[in-house]
Amino acid sequence: LESIRADAFADDLPIDMARMASWTTAQAARYFETGGEEVANVFQAAPEPPAKLGRKARIALLHGTASNEKVFRMQIAPLIRALE
């Protein structure tokens with residue numbers, strides 16, 4: 001913790017070993033780099049990744065009023081090819 005604090009030039013922040021002993025290196029670095037402001041976030045677990053859909057994602061695309069279906073299909077053709 002002392003070396004992480006020194007790397008972040010945060011010598012003014014105290015080290016509370018009882019509280020910080022279970023922190024990961026990334027959590028301690030974030031704490032010292034933010035000047036101790038991210039204390040609450042250090043304890044939050046990483047968010048769960050989104051569940052897999054089991055299917056392709058659905059995307060809704062709408063053309064503007066000055067366009068029509070043919071023009072719109074030509075405009076999004078590169079996107080459709082990239083997603084296939």
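**Exercise 1. Which residue follows H3 with a positive phi, and which residues of helix H3 are buried?**

Step 1. Gly35 comes after H3 and has a positive phi, near 70°. Helices here are DSSP runs (H or I, at least four residues), numbered from the N terminus.

Step 2. The model is predicted: local features need pLDDT of at least 70, side-chain atom pairs count only at pLDDT 80 or more, and totals for chains, interfaces and linings use all residues. Residues are numbered from 1 along each chain as its sequence is written, and side-chain values use heavy atoms, with hydrogens and water left out.

Step 3. Helix H3 spans residues 25-33, and its buried residues are Gln27, Ala28, Ala29, Tyr31 and Phe32. Buried means under 20% relative accessible area, exposed over 50%, and partly exposed in between (1.4 Å probe, protein chains only).

**Exercise 2. Where is Phe9, and what is its phi?**

Step 1. Find the loop between helix H1 (2-7) and helix H2 (17-20); Phe9 sits there.

Step 2. Phe9 is not a glycine, yet its phi is positive, about 55°. Most residues other than glycine have a negative phi.

Step 3. Phe9 counts as exposed, because its relative accessibility is 74%.

**Exercise 3. Which side chains meet in a salt bridge?**

Step 1. Apply the cut-off: a side-chain nitrogen of Lys or Arg within 4 Å of a carboxyl oxygen of Asp or Glu. Side chains of opposite charge can pair when their charged atoms come close.

Step 2. Searching the whole structure gives 1 salt bridge. Glu69 and Arg73 form it, at 3.1 Å, N to O.

Step 3. Glu69 and Arg73 are 4 residues apart in helix H5, so about one helical turn separates them.

Step 4. Arg73 is exposed, with a relative accessible area of 51%. Phe72 is also found in helix H5. Phe72 is buried, at 15% relative accessible area.

**Exercise 4. Which residues line the largest pocket, and what is its volume?**

Step 1. Take a 1 Å grid over the protein atoms alone. A pocket is an open set of points where a 1.4 Å probe fits, with protein on both sides within 12 Å along at least five of seven lines; lining residues have an atom within 4 Å of a point.

Step 2. The largest pocket has a volume of about 220 Å³. That volume is the space filled by probe spheres set on the points.

Step 3. Its lining is Lys56, Ala57, Arg58, Ile59, Leu61, Leu79, Ile80, Leu83 and Glu84.

Step 4. Sort the lining: 6 nonpolar, no polar and 3 charged. Here Ala, Leu and Ile are among the nonpolar types, while Asp, Glu, Lys and Arg count as charged.

**Exercise 5. Which residues make the nonpolar surface patch?**

Step 1. Patch residues have over 30% relative accessible area and no salt bridge; nonpolar side chains are joined within 5 Å.

Step 2. Ile59, Leu61, Leu79 and Leu83 make a patch of about 370 Å².

Step 3. Leu79 belongs to helix H5 (residues 69-83) and is partly exposed, at 37% relative accessible area. Leu83 is in helix H5 as well. Leu83 counts as exposed, with 53% relative accessibility.

**Exercise 6. How many Å separate each pair, C-alpha to C-alpha: Leu83 and Ala57, Gly54 and Arg30?**

Step 1. Leu83 and Ala57 are 26 residues apart in sequence and 10.0 Å apart in space.

Step 2. Gly54 and Arg30 are 24 residues apart in sequence and 36 Å apart in space.

Step 3. Gly54 is exposed, with 79% relative accessibility.

Technical notes:
Patches are made of residues with over 30% relative accessible area and no salt bridge: like charges are joined within 9 Å, nonpolar side chains (Val, Leu, Ile, Met, Phe, Trp, Tyr) within 5 Å. Accessible areas come from the Shrake-Rupley method with a 1.4 Å probe; for residues, only the protein chains shown count as cover. Helices (H or I, at least four residues) and strands (E, at least two) are DSSP runs, numbered from the N terminus.
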